[in-house]
Amino acid sequence: MNLGLPDKLHQLLVAVGLFLLGFGFLRMDNKDEQYFRAIDEYRFLTDSLELLTLERNYSQNLLTDQSRVLSKKYDVDDPIQVNDSTLTFIRILSGSDDAVKVTQLIEPLYKNYSRKNFELTLLSKKIKKEKTYLDEQLKLKTADNEGTELLLNIGLVSLALGILIWLIHETDKPVNTTPRCHSCGRRFSAIRKKGTESDGAVNDSFCSTCYQEGQFTEPNLNLEELIKRVKIEIPRKRFLKRYFTILRLKRLDRWQNTEY
């Protein structure tokens, strides 16, 4: 069966398929890395928010406790008023000396509390923006993955089609299109000469390594033993070359069980 396809088409399809698969996986990994980096940043901010909230609450409790103790000690009104979640500092700048003194003692604690509260507000806004950015990244990642999956599918189809055409070429190609020994399957060359008959005539079918003076050099060699040698000679990682070599050996003249 000759499909009339270019000899190098299968190589092109395999190369394109491998390129698309490699590019697709690399692209997907980069997008995943960006998204997970954004997740790590978001988690870091939320953890920082929890810690800062604890610090703010501690400074608030310290402030209210000190204010209550000092106001009782100096018998003045408590300058710190808490209504629901709102904390108010009533400064006494004139009047009773004790009230002014309490205000001065409370002032540093209140400033520390205010700073913590301000930092907490800023961090909360930053987390809100980071969450928006994270949602956008997820949408972009999802949309990009759809395109990447299309590339991967095209790559898989191209690779599978290339291998299929390769198999068809190897199966349908006549063995004698490239001069090879019909015993070991190796190509004839300036180094690998053709064998000879008993009268010295050249034998066009077998090489001198396998066939000399009208006889096989290894008359007891069988196909199974030859295949074992090929598996040792060709590494497992070159599985396609090993597969096609074994396929070719099975079609050589010496190993045919019938002449038809």
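User: Among contacts in the chain between residues at least 6 apart in sequence, what percentage join residues at least 24 apart?

Analyst: The structure is a predicted model. The contacts considered here are those in the chain between residues at least 6 apart in sequence. The share of them that joins residues at least 24 apart is 60%.

User: How confident is the prediction, and over which residues does pLDDT stay under 50?

Analyst: The chain has a mean pLDDT of 87, and 93% of its residues reach 70 or more. Where pLDDT is low, the predicted coordinates should not be read in detail. In this chain, pLDDT stays under 50 over a segment for which the model has six contacts beyond four places in sequence, namely residues 1–6.

User: In what pattern do the helices and strands follow one another along the sequence?

Analyst: The secondary structure of the chain comes to four helices and six strands. Read along the sequence, these elements give the pattern α-β-β-α-β-β-β-β-α-α.

User: What percentage of the residues of the chain count as buried?

Analyst: A residue counts as buried when its relative accessible area is under 20%. The chain has 260 residues, and the share of them that counts as buried is 33%.

User: Where on helix α3 do its buried residues lie, and against which helix do they pack?

Analyst: The buried residues of α3, which spans residues 223–233, are Leu223, Leu226, Ile227 and Val230. They cover an arc of only 100 degrees around the axis, which means that they lie on the same side of α3. An α-helix has 3.6 residues a turn, so residues three or four places apart point the same way. The buried residues of α3 pack against α4 (239–249).

User: Which exposed residues does the face of α3 turned away from its buried side carry?

Analyst: The buried side of α3 holds Leu223, Leu226, Ile227 and Val230. The face turned away from that side carries the exposed residues Glu224, Lys228 and Ile232.

User: Which residue caps the N-terminal end of α3?

Analyst: The cap involves the backbone nitrogen of Glu224. A side-chain oxygen lies 3.3 Å from that nitrogen, and the residue that supplies this oxygen is Asn222.

User: Where is Asp75 found, and what is its phi?

Analyst: Asp75 is found in the loop between α1 (9–73) and β1 (80–83). Asp75 has a relative accessible area of 70%, over the 50% cut-off, so it is exposed. Most residues other than glycine have a negative phi. Asp75 has a positive value, near 55 degrees.

User: Is Glu213 buried or exposed?

Analyst: Glu213 is found in the loop between β5 (211–212) and β6 (215–216). It has a positive phi of about 50 degrees although it is not a glycine. Its relative accessibility is 60%, and therefore Glu213 counts as exposed.

User: With which residues is Phe216 in contact, leaving aside its neighbours within four places in sequence?

Analyst: Phe216 is found in strand β6, and at 27% relative accessibility it counts as partly exposed. Phe216 and Arg27 are 56 Å apart in space, C-alpha to C-alpha, and 189 residues apart in sequence. Leaving aside neighbours within four places in sequence, Phe216 is in contact with Ser183, Phe206, Cys210, Tyr211 and Arg254.

Note on methods: Residues are numbered from 1 along each chain as its sequence is written. This is a predicted model: local features need pLDDT of at least 70, side-chain atom pairs count only at pLDDT 80 or more; totals for chains, interfaces and linings use all residues. Side-chain values use heavy atoms; hydrogens and water are left out. Helices (H or I, at least four residues) and strands (E, at least two) are DSSP runs, numbered from the N terminus. Buried means under 20% relative accessible area, exposed over 50%, partly exposed in between (1.4 Å probe, protein chains only). The arc is that of the directions from the helix axis to the C-beta atoms. Contact means heavy atoms within 4.5 Å. A polar contact is a pair of N or O atoms within 3.5 Å; within protein, one must be able to donate a hydrogen and the other to accept it, and residues adjacent in sequence count only if both atoms are side-chain atoms. pLDDT is the predictor's confidence in each residue, from 0 to 100.
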